[in-house]
Structure formats: structure tokens, C-alpha cells
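Q: Could we go through this model together? I would like to begin with the interface and then turn to other features.

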Amino acid sequence: MKFDFTRRLFLSRTVAAFAAAVFTPLSKSLAQDRSNEGRDLKVKIHQFSFVPDKLKVKTGDRITWVNLDFVPHTATAKDGSWDTGILKQNESKTITLTESFGNEYYCDLHPSMIAALQAIN
Amino acid sequence: MKIKLFLIATLVSLSQGIAMAKTPAELNDLELAHVAYSADNIDIQYAHLALAISKNPAIHKFAKSMIRDHNAVNTQALALLAKLNVQPQDNFLSKSLNEGSIKIIDELSQLRGAAFDRRYAENELAYHKAVNDLMANSFIPNIENKEVKTLFKAGLEIFKAHEHHAEMMVKALQ
């Protein structure tokens, strides 16, 4: 009886160790892969403001700008590296950030509207 | 500067000379709707004039924004009036704004080149400042209908952005 218990304990520990050896690196690498994937982020254009006006981003993130105002707006990088084009009310545009994305942006139709993407790469 | 003084004089006369009739703060919702519609159309007229006379791309860009935004506000205003089944009411302030705009259009029409651009930008700044002040301090606090008030508040946000844009344009043209 004691032998059985010891053997069972040994076996269960062996299986656990094996599973840990095999699956841990796999799940870890999957997690890493996931962290390297771009995220889906949203910026609302509301009452002549970008909300949020500062957004932490990294290369590969997909940012969707949606215009909730009844006048058209754009989200346009100051360095010209990206541009949503004109967005009418309730229209949206998603942009995937490439390595050389411009951080500061504005509304090309209303240049007093400014905001920024803060790189966390 | 000349335009700014004219606008200030017009607005002072609105609250003094016409005080016998009413003050801007005493206008009812339907009269205010008429004022807002008139003010939008006046700025659209200025913008069309700018597109016809100016050769400056920055002025054209600003003017196109004015046409687009003020038309959008008017569309919202007309839709709300239709929903409420009411008609805007003409009043002393609408009349005075329209009379003032005729003089400004006459003055702007005689200018060309950089002189026009500067005067147009200065007028846009002064006009939006004056209208925004009226909206914030005289109109919005006295509007009774909730939906009309919401529309005026949204309009004020738009016109404040126009004021900032005009300010940037005036600085750039100096």
C-alpha cells in the first residue's frame, strides 16, 4: 500500500514535470507572441477633441478613429506619415501603425485640434 | 482692426440702441434660431467671397471649412426646427447682423492680394469672437428648449475651434 502510494506520487510528479517542461515554454511563447501582436485601440472625435488626446501605442497597433461630431474631421500626422482622410459623422477609419509612424497629429480641417501617440516600443 | 471696431460698435448698438425693443438676452428660442441661422449664412458668404478673391491656399482651406461646418450646423438647426414643427422668427439682431455683413462684404470686395487675406482673417477672428461671446453669455443661458440648447452648445464648440483657427491664420499672415 505504501509502495503504491509512493509510486503514484512519483508518477504524478513525473507527469507534472513533463507537462511543465513541454507546455510551459509553449504557453510562454504563445503569450509572447500575443504581446507582440498589435492591439485594437479606439480614439473618439467628439466636440472638437480627440479622446483620448494622448494614447500609448506601439508598432503594429491598429487604431480606429471614429467621428461623433456632425461636422467632418480628419486625424492627420503632422509629418504626413499617415492620414485618416475626411471622416463624416459616425464614419471611422482604422490605421495600423508601421515602424515610422508620426506621433503628433491634428485635424486638417480644424488645426487647433491636436493630439499625440506616445510610443512604448 | 477697423473691422473689429465695426463689429464691436455693431454689438454695442445691439445692446444699447435697440434696448428699447429687446436685448440679445431677451430673444426667445425661435428668434435665437433665426440669429444663429443668419450668423451661419453670413460667414458662408464671407467664405465664398474669400474663395473668389484670395489666391492663398491657407485662406481657401479655412474658407472651405467655414462653408462645410456652418452648412452642417444649419442642416442640424433646420432638422430640429422641422422636428419641433416651428419656424425661426426674424428679429432685430438678425437684421443688424445682416446689415453689418453687407458693409463688410462691400469693404472686403474692394481688397486684393495680401490686403484681402489679412482683412478676411481679421474679420473672421473678430466675427467669431463676437458671436461666441453672444452665444456663451447671452443666448445659451436663456434658451428654454433642451434640444435647442444642446444644439447651441455644440455650435459654440465648433465656433470656438473656428476662432482658434482664425487666430492662427491672423498670426501666420502678419
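**Interface, pocket and backbone**

A: The area buried between chain B and chain A is about 1,200 Å², and carbon and sulfur atoms give 69% of that area. Please note that this is a predicted model.

Q: Why quote a buried area at all?

A: The accessible area lost when the parts come together is often used to give the size of an interface.

Q: And how many residues of each chain are in contact?

A: On the side of chain B there are 16 residues, in contact with twelve residues of chain A.

Q: How many salt bridges does the rule find across the interface of chain B and chain A?

A: The rule finds one salt bridge there. B:K61 forms a salt bridge with A:D108, and their closest N and O atoms are 2.6 Å apart.

Q: What about polar contact?

A: Three residue pairs are in polar contact across the interface of chain B and chain A, with both residues of each pair at pLDDT 80 or more.

Q: Which elements of chain B supply the side that touches chain A?

A: Both α3 (57-84) and α6 (146-173) of chain B supply at least two residues each. The most comes from α6(B), which gives nine residues to that side.

Q: And by class?

A: The side of chain B that touches chain A has seven nonpolar, five polar and four charged residues.

Q: Changing topic: how much space lies in the largest pocket?

A: The largest pocket holds about 230 Å³ of space. It is lined by 15 residues, and those closest to its centre are A:Q47, A:L68, A:D69, A:F70 and B:A154.

Q: Which element gives the most to that lining?

A: That is α6(B), with six residues in the lining of the largest pocket. The element that gives the most to the side of chain B touching chain A is also α6(B).

Q: What is the lining made of, by class?

A: Seven nonpolar, five polar and three charged residues make up the lining of the largest pocket.

Q: You named A:Q47 among the residues closest to the pocket centre. Where does A:Q47 lie in the chain?

A: A:Q47 lies in the loop between β1 (40-46) and β2 of chain A. Its phi is near 50°, a positive value in a residue other than glycine.

Q: Last one: is the peptide bond from A:V51 to A:P52 cis or trans?

A: The bond from A:V51 to A:P52 is cis, with omega near 0°. A:P52 lies in the loop between β2 (49-51) and β3 (54-57) of chain A.

Terms used: Residues numbered from 1 in each chain as written. Chains lettered and ligands numbered in written order. Predicted model: local features only at pLDDT ≥ 70, side-chain atom pairs only at ≥ 80, totals over all residues. Heavy atoms only, no water. Contact = heavy atoms within 4.5 Å. Buried area = accessible area lost by both parts, 1.4 Å probe. Salt bridge = Lys/Arg side-chain N within 4 Å of Asp/Glu carboxyl O. Polar contact = N/O pair within 3.5 Å; in protein donor to acceptor, adjacent residues only side chain to side chain. Helix = DSSP H or I, 4+ residues; strand = E, 2+ residues; numbered from the N terminus. Nonpolar A, V, L, I, M, F, W, Y, C, P; charged D, E, K, R; others polar. 1 Å grid on protein atoms, 1.4 Å probe; cavity = no way out; pocket = protein on both sides within 12 Å on 5 of 7 lines; lining within 4 Å. Points joined across faces, edges and corners; volume = space filled by probe spheres on them.
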